[in-house]
Amino acid sequence: MSKIRAAITSIGGYVPEYRLTNKILEGMVDTSDDWIISRTGIKERRILKGEGLGTSDMAVEAVNELLKKRGIKADEIDLLICCTVTPDLVFPATANIITDKIGATKAFGFDLMAACSGFLYGLTTGARYIESGLYKKVVVVGGDKMSSIIDYTDRQTCIIFGDGCGAALLEPTEGENGIIDTIMKSDGSGRVHLHQKAGGSVKPASHETIDNKEHFVYQEGQAVFKFAVTNMAEVSAEIMERNNLTSEDVTYLVPHQANKRIIDATAKRMGVGDEKVMLNIEKYGNTTNGTIPLCLWEWENKLKEGDILILSAFGGGFTWGSIYLKWAYNSNS
Ligand code: UT7
C-alpha cells in the first residue's frame, strides 16, 4: 500500500477592512514612512475594529471561505487546529469557539501556540493526523488579532504588527503531491527576547501589570532579528539539502512576513530570485500566525499541481521551521 500523505486542498483567508498606514502611524509615534519601509518593507497593516470581535471572528470568515471553495460542509471537518497567540479567551480554546460558530459539530479541536511559527507547527501536526489514516478532513487555522496586545505608543513594535487570519484544509492523498517533509525547531532560551510579561500563571493581571504595560508584546528587535535571519535561512537550506532540491526546483518560497530583510536573506541563502518569493508584508505587516496562510490565499490562483513550495518561519519561543510540499491542485481550473 502506498503511503498516505496530507495535502492542502483548499485555502481561505480574511483581513479586516481598516488600514493602519505608515502615514497614520507618523501621527501616533515618532516614526516615518521612509524609516518603516526601508527597515521592514511594511506600508500598511489591517486592524480589526469593533467591540467584542476577536481572532475567532476572522477565523470563521477564513474557514467558511475554504469550505465553500471545496464544496463541503462544516460538519464534515474531523479536527480543527487553531494556531494563535491571541486567543479569544485564556480558555477554552479558540478552536472550540470557531467550531461552535461555524457548526463543525463533529470536529474536535485545540489551540496550538508556537508564535510566528505556529501555522507551520499546526500543518505538521495536522498532517500526522491525516497520515495516521484516522482523520480525513483537518482544518489548520493561523491567525492573530495582534492589535489586542500591541502598545500603540511603542514605535519599536506598533509599526510591525497587524491583524489577519488564514486557514488550510488538509486531506489524504496517495499520489506524489502533499506535505513531503517538515523540520520544526525550538529554543526556549530565546524567550527573554520576545514575550508578553504578564497575564499568564507566573504574573496574573493586576493593576500593577496594567500600569507597567506588561500585557503588550515585549521585543528586543535587534536580538530577534539576528536569530531570525540566521535560523530561517539555515532551516530553509537544510530542508532543500536533505530532499536534494536545487533552487531551480523550487517554485515558491513562502516565508513568514516579519521583516523584508529577513525574507531577502532567506531567499538569498536558498538561491531563489525575488520572482519566487511570496511577499505581502507591505499590505498586512506581521500578522504572526496569519502570514503564511495569507500568502497561500493570495497566491492560490497562480499555483499549479506539482508546484514545489518551501514554507519557512521564525518566531517567539524561539521557534522556527520549514516545510517542503508539492501543491496538490490547480485552483483556477
Ligand atoms: O515575527 C516574530 C519575530 N520578529 C521579528 O523577526 C522582528 C525582528 N526585528 C526586526 O524586524 C527589527 O529589529 C525591527 C524592525 C524591530 C527594528 O529595526 P532595526 O533595524 O533592528 O532597528 P533598531 O532597533 O536597531 O533601531 C535603529 C534606530 C534606533 O535609533 P538610534 O539608537 O540608532 O538613534 C531606534 O531608536 O532606529 C530607531 N527606531 C525607530 N526610528 C523610527 C526604532 N524604531 C523606530 C521607528 N521609527 N519605528
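Me: How many Å separate the centres of domain 1 and domain 2?
Reply: The centres, taken over C-alpha atoms, are 14 Å apart. Domain 1 covers 5–175 and domain 2 covers 180–326, with bounds from an automatic or database domain assignment. This is a predicted model, where local features need pLDDT of at least 70, side-chain atom pairs count only at pLDDT 80 or more, and totals for chains, interfaces and linings use all residues. Residues are numbered from 1 along each chain as its sequence is written, and side-chain values use heavy atoms, with hydrogens and water left out.

Me: How many residues are in contact between domain 1 and domain 2?
Reply: 49 residues of domain 1 touch 44 residues of domain 2, contact being heavy atoms within 4.5 Å.

Me: Pockets next. Where does the second largest pocket lie?
Reply: Both domains give residues to its lining, so the second largest pocket lies between domain 1 and domain 2. A pocket is an open set of points on a 1 Å grid over the protein atoms alone, where a 1.4 Å probe fits, with protein on both sides within 12 Å along at least five of seven lines; lining residues have an atom within 4 Å of a point.

Me: What volume does it have?
Reply: About 150 Å³, counted as the space filled by probe spheres set on the points.

Me: And which strand gives the most to the lining?
Reply: Strand 10, with 3 residues. Strand 10 is 217–219, and helix 6 (155–158) also supplies at least two residues. Helices (H or I, at least four residues) and strands (E, at least two) are DSSP runs, numbered from the N terminus. Among the other lining residues are Asp151, Lys197 and Glu214.

Me: In which sense do strand 1 and strand 7 pair?
Reply: Antiparallel, over 9 bridges, with strand 7 spanning residues 163–173. Glycine 12 has alanine 167 in strand 7 as its bridge partner.

How values were computed. Pairing = 2+ DSSP bridges.
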